[in-house]
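Dear colleague,

Please find below the structure that I am handing over to you for your work. My findings follow directly after it.

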Amino acid sequence: ERVEYIHFINHIVDRFEMNLKEGLSIERYLPKGECYVWIDSDKLTQVLDNIISNAIKYSPEGGKINVEVIQENHRLLTQVSDEGVGIPEDNVEKIFDRFYRVDKARSRQLGGTGLGLAISKEMIEAHDGKIWAKSKENKGTTITFSLPLMRKKRGSN
Ligand code: ATP
Ligand code: MG
């Protein structure tokens with residue numbers, strides 16, 4: 001379905017802000033205008049839920065999370081950054097593998113199955129997008145995904 005992405009993402013972030021842990025904050029950096037994408041909004045909601053809940057889960061007290069949307073020529077980038085524990089450089093690619101979790105002990109404490117990002121990757125690729133991670137240990141993590149942008153001022157599609 002055709003979805004106005006800025007409205008869509010605001011709605012998701014609003015929902016997280018309503019019951020955010022003490023001390024954490026989410027900042028939004030969003031384009032002014034409207035951005036139309038052709039997505040399965042249930043699946044994209046699942047992707048964003050996982051990425052944002054990871055950012056929250058691995059953030060320290062007082063951490064800031066940024067949600068940024070960048071409009072390029074033909075694609076839309078969505079970037080979620082945190083100031084959390086980060087991921088060792090050698091493991092950054094592996095976080096998209098099924099059941100992979102950095103530091104088993106820590107992860108077990110925090111809960112989860114290690115499937116979230118593997119599923120997110122499948123869903124983004126099914127939307128002709130890409131997803132990748134940048135991270136520095138003890139500095140933070142940025143997860144970015146792209147989605148094809150629909151052309152403006154075109155009739156129905
Ligand atoms: P699930 O999402 O299934 O509940 P999970 O969150 O552990 O479990 P993924 O979302 O697939 O699984 O993430 C895989 C692993 O990548 C996590 O266990 C964690 O070690 C690491 N990871 C993911 N996001 C972050 C982040 N923002 N900061 C630090 N580590 C992260
Ligand atoms: Mg997860």
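The paragraphs below describe the sheet, the helices and the surroundings of the ligand.

Please note that this is a predicted model.

An open sheet is formed by five strands, arranged in the order E2-E4-E5-E7-E6 with mixed pairing. Its edges are strand E2 (25–29) and strand E6 (131–136), each of which pairs on one side only. From one strand to the next, the twist averages 15 degrees. Within the sheet, strand E4 (residues 64–71) and strand E5 (residues 75–82) run antiparallel and are joined by six bridges. Asn 66 stands opposite Ser 81 in E5.

Helix H2 packs on this sheet, where it touches E4, E5 and strand E7 (140–148). The direction of H2 makes about 20 degrees with that of E5.

H2 also meets H4: their axes come within 9 Å and cross at roughly 145 degrees, and the crossing is left-handed. On the H2 side, the contact involves Lys 43, Gln 46, Val 47, Asn 50, Ile 51 and Asn 54, while H4 contributes Gly 116, Leu 117, Ser 120, Met 123 and Ile 124. By class, the residues of this contact are five nonpolar, five polar and one charged.

As for ligand 1, there are 22 residues around it, of which Arg 101, Val 102, Gly 112, Gly 116 and Leu 117 come nearest. Helix H2 (41–57) and helix H4 (116–126) are the elements that give two or more residues to this shell. The shell comprises ten nonpolar, ten polar and two charged residues.

Yours sincerely

Key:
Residues numbered from 1 in each chain as written. Chains lettered and ligands numbered in written order. Predicted model: local features only at pLDDT ≥ 70, side-chain atom pairs only at ≥ 80, totals over all residues. Near = placed C-beta within 6 Å. Helix = DSSP H or I, 4+ residues; strand = E, 2+ residues; numbered from the N terminus. Nonpolar A, V, L, I, M, F, W, Y, C, P; charged D, E, K, R; others polar. Pairing = 2+ DSSP bridges. Axes fitted to C-alpha atoms, helices over the stretch in contact; angles between N-to-C directions. Contact = placed C-beta atoms within 7 Å. Left-handed = near helix turned anticlockwise from the far one by under 90°.
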